[in-house]
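Please look over the sequence and the structure shown below before reading on.

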Amino acid sequence: MAWIRFRFRLQTFFRALTFAPLLFPQLLLGVVMLLWFSVLGQWLGFTTGLASVVIGHIVYITPFTLVIVAVQVYGFDETLEDAARDAGASGWVVFREITLPLLWPGIFSAASFAFLLSWGNFYISYSLGGTIRTLPTFVYSGIAVGSSPIYPALATLNFIPALVLVVVADVVRRRAARRNRLAEPA
């Protein structure tokens, strides 16, 4: 919401910083983050593993999710919040009853997209995983060694959550569209 609604010092720098991961190919981003975690790990005494993979995936998917939610916020009518405040609603009630439900389709879409991007991201998982084996690195190591029926089965198991997310996202979109049609004045 800070992207769209508020003006603050260094806003352009903040926006550029959040989009920086999009400028790098995934492979290069994974290597750069590996170098960063290696230097930071020497100073703070930790190694690559699950925490570094999670941080790497967050850094990678943040620009995508930010754009999706920002589009939803851009189309948001702030007068609805003002009307709720004029009617005596507190800041929390306005957020819970007005802002969040109207932004929910964008938030859900961004979360679904982030999950799908992160689920099969090999380069960041491989670069930052250390000794842990994520699903993408497991499949890659199995394919490199030889073919097995487990890899098509894993591909099917990867497809099912993606399909479920797409169906749920469509249901949420249809409900929001129906709710918006009912809320429009005649």
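In this predicted model, R85 forms a salt bridge with D82, and the closest N and O atoms of the two are 3.1 Å apart. A salt bridge here is a side-chain nitrogen of Lys or Arg within 4 Å of a carboxyl oxygen of Asp or Glu. Side chains of opposite charge can pair when their charged atoms come close. R85 and D82 are separated by about one helical turn because they stand three residues apart in helix α5, which covers residues 78-86. R85 counts as partly exposed at 42% relative accessibility, and D82 is likewise assigned as partly exposed, at 38%. For these classes, buried means under 20% relative accessible area, exposed over 50%, and partly exposed in between, with a 1.4 Å probe and protein chains only.

Because the model is predicted, local features need pLDDT of at least 70 and side-chain atom pairs count only at pLDDT 80 or more, while totals for chains, interfaces and linings use all residues. Residues are numbered from 1 along each chain as its sequence is written, and side-chain values use heavy atoms, with hydrogens and water left out.

By the rule given above, the count comes to three salt bridges, and the table sets them out with the accessibility of each partner.

| Salt bridge | Closest N and O atoms | Relative accessibility of the partners |
|---|---|---|
| R85 and D82 | 3.1 Å | R85 42%, D82 38% |
| E97 and R96 | 3.1 Å | E97 47%, R96 38% |
| D170 and R174 | 2.8 Å | D170 27%, R174 51% |

The pair of D170 and R174 belongs to helix α9, where the two residues lie four apart, about one turn of the helix. D170 is partly exposed, with a relative accessible area of 27%, whereas R174 counts as exposed at 51%. In the pair of E97 and R96, E97 is partly exposed at 47% and R96 is partly exposed at 38%.

As for the fold, the protein has nine helices and zero strands, where helices (H or I, at least four residues) and strands (E, at least two) are DSSP runs numbered from the N terminus. The order of the elements from the N terminus on is accordingly α-α-α-α-α-α-α-α-α. The radius of gyration is 21 Å, while a compact globule of 186 residues would have a value near 16 Å; this quantity is taken over C-alpha atoms, and the globule rule is 2.2 Å times the number of residues to the power 0.38. Along its principal axes, the C-alpha trace spans about 65 × 45 × 25 Å. Of the 186 residues, 27% are buried.

Two surface patches come next. Such patches are made of residues with over 30% relative accessible area and no salt bridge, with like charges joined within 9 Å and nonpolar side chains (Val, Leu, Ile, Met, Phe, Trp, Tyr) within 5 Å. The nonpolar patch consists of L157, F159, I160, L163, V164, V167, V168 and V171, which together have about 700 Å² of accessible area, a quantity that comes from the Shrake-Rupley method with a 1.4 Å probe. One of these residues, V167, is placed in helix α9 and is partly exposed, with a relative accessible area of 47%. A positive patch is formed by R175, R178, R179 and R181; Lys and Arg count as positive and Asp and Glu as negative, with His and the chain ends not counted. R178 is found in helix α9, residues 150-183, and is partly exposed at 45%.

Three further residues deserve a look. L10, in the loop between α1 (2-5) and α2 (11-23), has a phi near 65°, a positive value in a residue other than glycine. Most residues other than glycine have a negative phi. L10 is also exposed, with a relative accessible area of 59%.

I55 lies in helix α4, residues 50-74, and is partly exposed at 40%. P136, in helix α8 (residues 135-145), is buried, with a relative accessible area of 14%. The C-alpha atoms of P136 and V172, 36 residues apart along the chain, are separated by 29 Å.

Key: The place of a charge is taken as NZ of Lys, CZ of Arg, CG of Asp or CD of Glu.
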